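Welcome! Here is a short tour of a protein for someone meeting it for the first time. Please take a look at the model below before reading on.

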Amino acid sequence: MKHLAAYLLLGLGGNTSPSASDIKKVLDSVGIEADDDRLDSLISELKGKDINELIAEGSSKLASVPSGGSGGGAAAAGGAAAGGAAAAEEKEEEKEEEKEESDDDMGFGLFD
């Protein structure tokens, strides 16, 4: 991933086809040692390809992958319903406390 990140950074900087030495310079500048085997593999895989087209193609492939987000909605809704019931109970308790406090002042207010 670090090699690919350096490749992408160079691409953002205007270098449309970074070499292995370019990537090594970027990694060395932040104190990371480059793995020559992985770097050579990355360069050979991306040689002659437009990185923006690859990203667009990958994004379209990921869009068709189910993310599994629909399964968690039921549990969250159940938790929200329980939370709503607890909030309703708290409101009822607060109303009861307010009634008790109004009885304690015996009809006289401090600022009346």
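## Where α1 meets α2

Helices α1 and α2 are roughly perpendicular to each other, because their axes cross at roughly 105 degrees. On this scale, angles under 35 degrees count as roughly parallel, over 145 as roughly antiparallel, 65 to 115 as roughly perpendicular and the rest as oblique. The axes of α1 and α2 come within 9 Å. Axes here are lines fitted to C-alpha atoms, for helices over the stretch in contact, and angles run from 0 to 180 degrees between N-to-C directions.

On the α1 side, Lys2, His3, Ala6, Tyr7 and Leu10 meet Asp22, Ile23, Val26 and Leu27 of α2. Sorted by class, this contact has six nonpolar, one polar and two charged residues. Contact means heavy atoms within 4.5 Å. For the classes, Ala, Val, Leu, Ile, Met, Phe, Trp, Tyr, Cys and Pro count as nonpolar, Asp, Glu, Lys and Arg as charged, and the others, Gly among them, as polar.

## About the model

This is a predicted model, in which local features need pLDDT of at least 70 and side-chain atom pairs count only at pLDDT 80 or more, while totals for chains, interfaces and linings use all residues. Residues are numbered from 1 along each chain as its sequence is written, and side-chain values use heavy atoms, leaving out hydrogens and water.

## The overall picture

The protein has five helices and zero strands, and its elements run α-α-α-α-α from the N terminus on. Helices (H or I, at least four residues) and strands (E, at least two) are DSSP runs, numbered from the N terminus.

Of the 112 residues, 11% count as buried; buried means under 20% relative accessible area, exposed over 50%, and partly exposed in between (1.4 Å probe, protein chains only). The protein exposes about 8900 Å², and carbon and sulfur atoms supply 55% of that area. Among contacts between residues at least 6 apart in sequence, 45% join residues at least 24 apart.

## Helix α3 and its two partners

Let us turn to α3. Helix α1 (residues 2-12) and helix α3 (residues 36-46) have axes that come within 10 Å and cross at roughly 50 degrees, so α1 and α3 are oblique to each other. Their crossing is right-handed; a crossing is left-handed if the near helix is turned anticlockwise from the far one by less than a right angle, and right-handed if clockwise. His3, Leu4 and Tyr7 of α1 make this contact with Arg38, Leu39, Leu42, Ile43 and Leu46 of α3. By class, the contact of α1 with α3 has six nonpolar, one polar and one charged residues.

Helix α2 (residues 20-29) packs with α3 at an angle of about 130 degrees, their axes 10 Å apart. Helices α2 and α3 are therefore oblique to each other, and their crossing is right-handed. Here Ala20, Ile23 and Lys24 in α2 meet Asp36, Leu39, Leu42 and Ile43 in α3. This contact of α2 with α3 has five nonpolar, no polar and two charged residues.

Leaving aside neighbours within four places in sequence, Val26 is in contact with Ala6 and Leu10. Val26 and Leu9 are 17 residues apart in sequence and 8.6 Å apart in space, C-alpha to C-alpha.

Leu54 lies in helix α4 (residues 51-63). Its relative accessibility is 30%, so Leu54 counts as partly exposed. Not counting residues up to four places away in sequence, Leu54 touches Leu46 and Lys49.

Notes:
Areas by Shrake-Rupley, 256 points an atom, 1.4 Å probe, with all protein chains shown as cover.
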